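Look through the sequence and the model before reading on. The paragraphs below go through the sheets, then some backbone details, then the contact between the chains.

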Amino acid sequence: GENVEQHPSTLSVQEGDSAVIKCTYSDSASNYFPWYKQELGKRPQLIIDIRSNVGEKKDQRIAVTLNKTAKHFSLHITETQPEDSAVYFCAAYGDYKLSFGAGTTVTVRA
Amino acid sequence: SQTIHQWPATLVQPVGSPLSLECTVEGTSNPNLYWYRQAAGRGLQLLFYSVGIGQISSEVPQNLSASRPQDRQFILSSKKLLLSDSGFYLCAWSGGGASAYEQYFGPGTRLTVT
């Protein structure tokens, strides 16, 4: 089955700086890669996704890049703000289901 | 628009007691449905998923079971709870066909087994 690894497990950044989270996947057949943000005590929320036929996608301050050859994808958050503090999960889709990374706890310092 | 409901929101149950959690989706038909568990401070563990009525795929063999008695209803059950069953239970849905990728989570049920 699919195996998704996510790094780093924790990330502390100064407000206004950028944050980058990286994920690798094992199954070359995976073709959809979403990112979820989970605030404390809440449900995970889909914030951005990318399909295997696209190399990069942006939505305001967040962007995702995908390298199919190397089987890795990354989340980039620019101009971080305190409300970006949360746990972020990457995932890869195959066989009707998502395989999730272990999560990255992002803390934005004021 | 689509809405996903879960209940109850919180639950405290003694070890050995039964469990029934319910999830329903509105505003769509024939969704794919998923049950996840999240232990405190941990990641998302897929427990079961269903691509149609009466069809259940189990990811983790344990003392839990799932059923899908109606198109937009997904139930998670246990006959006897263990302490290790404590966690945040999340139901999720996705559309069928070309919309099968994007999964949306319900508000969750926080279960504490004492």
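In which sense do strand β7 and strand β8 of chain A pair, and over how many bridges? Strand β7 (residues 62-67) and strand β8 (residues 72-77) of chain A pair in the antiparallel sense, over six bridges. Two strands are said to pair if DSSP finds at least two bridges between them. Strands (E, at least two residues) and helices (H or I, at least four) are DSSP runs, numbered from the N terminus. In this pair, Thr65(A) stands opposite Ser74(A) of β8(A).

The model is a predicted one, in which local features need pLDDT of at least 70 and side-chain atom pairs count only at pLDDT 80 or more, while totals for chains, interfaces and linings use all residues; side-chain values use heavy atoms, and hydrogens and water are left out. Residues are numbered from 1 along each chain as its sequence is written, and chains are lettered from A and ligands numbered from 1 in the order in which they are written.

Strands of a sheet pair through backbone hydrogen bonds, either parallel or antiparallel. In chain A, five strands form an open sheet in the order β1-β3-β8-β7-β6, with antiparallel pairing. At its edges stand β1 (4-7) and β6 (56-59) of chain A; each has a single partner strand, so one side of each is left without a neighbour in the sheet. From one strand to the next the twist averages 15°; axes are lines fitted to C-alpha atoms (for helices over the stretch in contact), and angles run from 0 to 180 degrees between N-to-C directions.

Chain B has an open sheet of four strands in the order β1-β3-β8-β7, and the pairing is antiparallel. Here β1 and β7 (64-70) of chain B are at the edges with a single partner strand each, so one side of each lacks a neighbour in the sheet. The twist in this sheet averages 20° from one strand to the next. Within it, β1(B) pairs with strand β3 (residues 19-26) of chain B over five bridges, and Gln6(B) stands opposite Cys23(B) in β3(B).

Now look at the loops. The loop between β1 and β2 (10-14) of chain A holds Pro8(A), and the peptide bond from His7(A) to Pro8(A) is cis, with omega near -5°. Lys71(A), in the loop between β7 and β8 of chain A, has a positive phi near 55° although the residue is not glycine.

How many residues does each chain bring to the contact? Chain B brings 24 residues and chain A 19 residues, where contact means heavy atoms within 4.5 Å. The two chains bury about 1,700 Å² between them, 57% of it on carbon and sulfur atoms. Buried area is the accessible area (1.4 Å probe) that two parts lose on being put together, summed over both. Leu44(B), Tyr101(B) and Phe105(B) supply 36% of the area that chain B buries against chain A, more than any other three residues.

Two salt bridges (a side-chain nitrogen of Lys or Arg within 4 Å of a carboxyl oxygen of Asp or Glu) are found across the interface of chain B and chain A. One of the residue pairs joined by a salt bridge is Glu59(B) with Lys97(A), whose closest N and O atoms are 3.0 Å apart.
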